Amino acid sequence: MSRRARAGLAAIAALLVVLGSAAPAAAATPYTVPSVAGTLQTYNISSVYVAGVSSGGYMATQLHVAYSGRIKGAAVFAAGPYYCAQYNASRALYACGDNLWSTQLSSLESYTSLWSGYGWIDPPAQLSGDPVYVFHGNNDSTVKKSVTDDLVSYYQHFGASVSYNSGSSAGHAWVTPYGTGGCTATASPFLNDCGTDPQNAMFAKLYGSVSARNTGPLTGSLIRFDQNTFAVNGFANGLSMGSSGFAYVPSSCAAGQSCRLLVALHGCAQGYDAVGTAFVDRANLNQYADTNKTVVLYPQATASGVNPYGCWDWWGYLGYTNYPIKGGLQLETVMNMIRRLDG
């Protein structure tokens, strides 16, 4: 990889972890459970959904589009349309974070249709009717609103049913009642409290209805598992993924009841090796999982020489053009986890 390319990759990574100066809020403290070392088991999974923020939002869309026959909906915070970077760090920086360049939305839609014909991704017709929840904060200057607008237009082009929350004053972050940052902040660990509960609307969109979250002690278990087991090369660190991933399993799912699976993808500088279990504990997902029979999978990216901030690979930093399609190294590694969980 050329020095110029490396500089570009570092620049886009830095863009997605711009630090703000807003003071942290007095955070609500969620009930948590300590992680227990174990292995991923197969559960009675009825359907699979994905959610993510920032680079995790881009990764969530890659998973949804590539495997739309298997993944039935997506929730995306602070990200843009599928294949936005087009294997180009400069495009990732100037078109998919900032909006100095066009996202070339019509080209992204054309690539999607073309690649389906090659069998590289599932037919985009399978996106039709899928529930999609999109969130963008008005103080997010890391991924500009017009970029997220194009994500909405992309999904609508293929017939998905989109709910778009663009009225929040949030900065670049996952917004949660358990956020440790003020609403407008863009600062580690990128978990902001805006006095709202977007996860309620998110789950209602994805599932059609939602039960109130569990605000008491959690009923389930948090499994810490070896991601090397699922890495396509047998070595997660070689894919800029951490050695450990996590899965929250409610007691109802462990007992064999029919449950859904939600894959939750953290953003840059938000994985376990950067902030511990902050995202796992405070994303407000385990609380809804308990009352809505949902297993939550938390795959983990980590920092590496080509990925200094622990982002997910949505612009090709691993050096392979197939990163957003079937066979992509991180994409298939996460799919291997899904395959284990849903049998």
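**A tour around helix 2**

Select residues 55-66 and residues 145-157: these are helix 2 and helix 5, whose axes come within 13 Å and cross at roughly 10°. Axes here are lines fitted to C-alpha atoms, for helices over the stretch in contact, with angles running from 0 to 180 degrees between N-to-C directions. Helices are DSSP runs of H or I with at least four residues, strands are runs of E with at least two, and both are numbered from the N terminus. Helix 2 and helix 5 are therefore roughly parallel to each other (angles under 35 degrees count as roughly parallel, over 145 as roughly antiparallel, 65 to 115 as roughly perpendicular and the rest as oblique).

Next, display the side chains at this contact (heavy atoms within 4.5 Å). Helix 2 contributes Tyr-58, Thr-61, His-64 and Val-65, while helix 5 contributes Val-147, Leu-151, Tyr-154 and Tyr-155. By class, six of these residues are nonpolar, two are polar and none is charged. In this scheme Ala, Val, Leu, Ile, Met, Phe, Trp, Tyr, Cys and Pro count as nonpolar, Asp, Glu, Lys and Arg as charged, and the others, Gly among them, as polar.

The model is predicted: local features need pLDDT of at least 70 and side-chain atom pairs pLDDT 80 or more, whereas totals for chains, interfaces and linings use all residues. Residues are numbered from 1 along each chain as its sequence is written, and side-chain values use heavy atoms, with hydrogens and water left out.

Now select Met-59, Gln-62, Asp-313, Leu-318, Tyr-320, Asn-322, Tyr-323, Gly-328, Leu-329, Gln-330 and Leu-331, which line the largest cavity. A cavity is a set of points, on a 1 Å grid over the protein atoms alone, where a 1.4 Å probe fits but cannot get out; lining residues have an atom within 4 Å of a point. The volume of the largest cavity is about 60 Å³, taken as the space filled by probe spheres set on the points, with grid points joined across faces, edges and corners. Helix 11 supplies the largest share of the lining, three residues. The lining comprises six nonpolar, four polar and one charged residues.

Definitions and conventions: 1 Å grid on protein atoms, 1.4 Å probe; cavity = no way out; pocket = protein on both sides within 12 Å on 5 of 7 lines; lining within 4 Å.
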